[in-house]
Amino acid sequence: REEEILEQYNLERNGYSISVCRIEPENNCHITLEAFKNSKEKLVFIGNWNRNGYSRKLKEEYKDKYSNIILLNSIYDLDILYTLRKNTKNYIHGHSAGGTNPSLVEAMFFGRPILSYDIVYNRETTKNKAHYFKNAGELQELINNLPDNGKVLQEIAQECYTWKRIAKEYEALY
């Protein structure tokens, strides 16, 4: 089924970057798209492209205008999402609000390099082991010179973010 899914989206293993999020300004989708528009690297960006003015504007600006940028509407089929995330070259995490973000933690388990927006929450979640950006230029530099930090992040996820560990910590609070 994995091969079928990759074929359905015309993707090759380790041949694309991925970002999955709500298309909102605080997730810095514009930075990710800007970084990829002049890149040879392929980007698969999954989100709710018809939700608001921000998302619709980005969709209009980027959809079908850059051969390396694929904008997909939200995908709720877990097999498809798992396959797309598992076979990516790297994960782009643009979130700049909130605390520990579930999509960042989930991405860590795949053992792929993570390029993350540079804020304290993301640094804390990844124990300062991801690669960080604050603008499109910095992200483009990371894309072009991709350092592999995936295994280290996978180890952090397995050590810190398992249900067994979290349940044990909650039990200690009682």
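**Labels and their cut-offs**

Mentor: Start with Ser-17, which is in contact with Phe-36, Lys-42, Leu-43, Val-44, Thr-88, Asn-90 and Ile-92, leaving aside neighbours within four places in sequence. Contact means heavy atoms within 4.5 Å. This is a predicted model: local features need pLDDT of at least 70, side-chain atom pairs count only at pLDDT 80 or more, and totals for chains, interfaces and linings use all residues. Residues are numbered from 1 along each chain as its sequence is written, and side-chain values use heavy atoms, with hydrogens and water left out.

Trainee: Why is Ser-17 called buried?

Mentor: Buried means under 20% relative accessible area, exposed over 50%, and partly exposed in between, with a 1.4 Å probe and protein chains only. Ser-17 has a relative accessible area of 0%, so Ser-17 is buried. Its place is in strand β1 (residues 17–20); strands (E, at least two residues) and helices (H or I, at least four) are DSSP runs, numbered from the N terminus.

Trainee: What makes the phi of Asp-64 worth a remark?

Mentor: Most residues other than glycine have a negative phi. Asp-64 is not a glycine, yet has a positive phi of about 65°. Asp-64 lies in the loop between α3 (53–62) and β3 (69–73), and counts as exposed because its relative accessibility is 70%. Asn-128, in the loop between α6 (120–125) and β6 (131–133), also has a positive phi, near 60°. At 48% relative accessibility, Asn-128 counts as partly exposed.

Trainee: How do you know that Lys-86 and Glu-2 form a salt bridge?

Mentor: A salt bridge is a side-chain nitrogen of Lys or Arg within 4 Å of a carboxyl oxygen of Asp or Glu. The closest N and O atoms of Lys-86 and Glu-2 are 3.0 Å apart, and the pair qualifies. Lys-86 lies in helix α4 and Glu-2 in helix α1 (residues 2–8), so the pair ties together parts that are 84 residues apart in sequence. Lys-86 and Glu-2 also belong to a network of salt bridges with Glu-3 and Arg-13. By this rule the count comes to 12 salt bridges.

Trainee: Which parts does the salt bridge between Arg-85 and Glu-106 tie together?

Mentor: The closest N and O atoms of Arg-85 and Glu-106 are 3.0 Å apart. Arg-85 lies in helix α4 and Glu-106 in helix α5, so parts 21 residues apart in sequence are tied together. Arg-85 counts as buried at 11% relative accessibility, whereas Glu-106 is partly exposed at 40%.

Trainee: What makes a space a cavity rather than a pocket?

Mentor: On a 1 Å grid over the protein atoms alone, a cavity is a set of points where a 1.4 Å probe fits but cannot get out; a pocket is an open set with protein on both sides within 12 Å along at least five of seven lines, and lining residues have an atom within 4 Å of a point. The count comes to 1 cavity of 30 Å³ or more. The largest cavity has a volume of about 40 Å³, and its lining includes Ile-18, Arg-85 and Phe-110. The largest pocket holds about 270 Å³ and is lined by 14 residues, with Val-20, Cys-21, Arg-22, Ile-46 and Leu-81 nearest its centre.

Note on methods:
Grid points are joined across faces, edges and corners, and a volume is the space filled by probe spheres set on the points.
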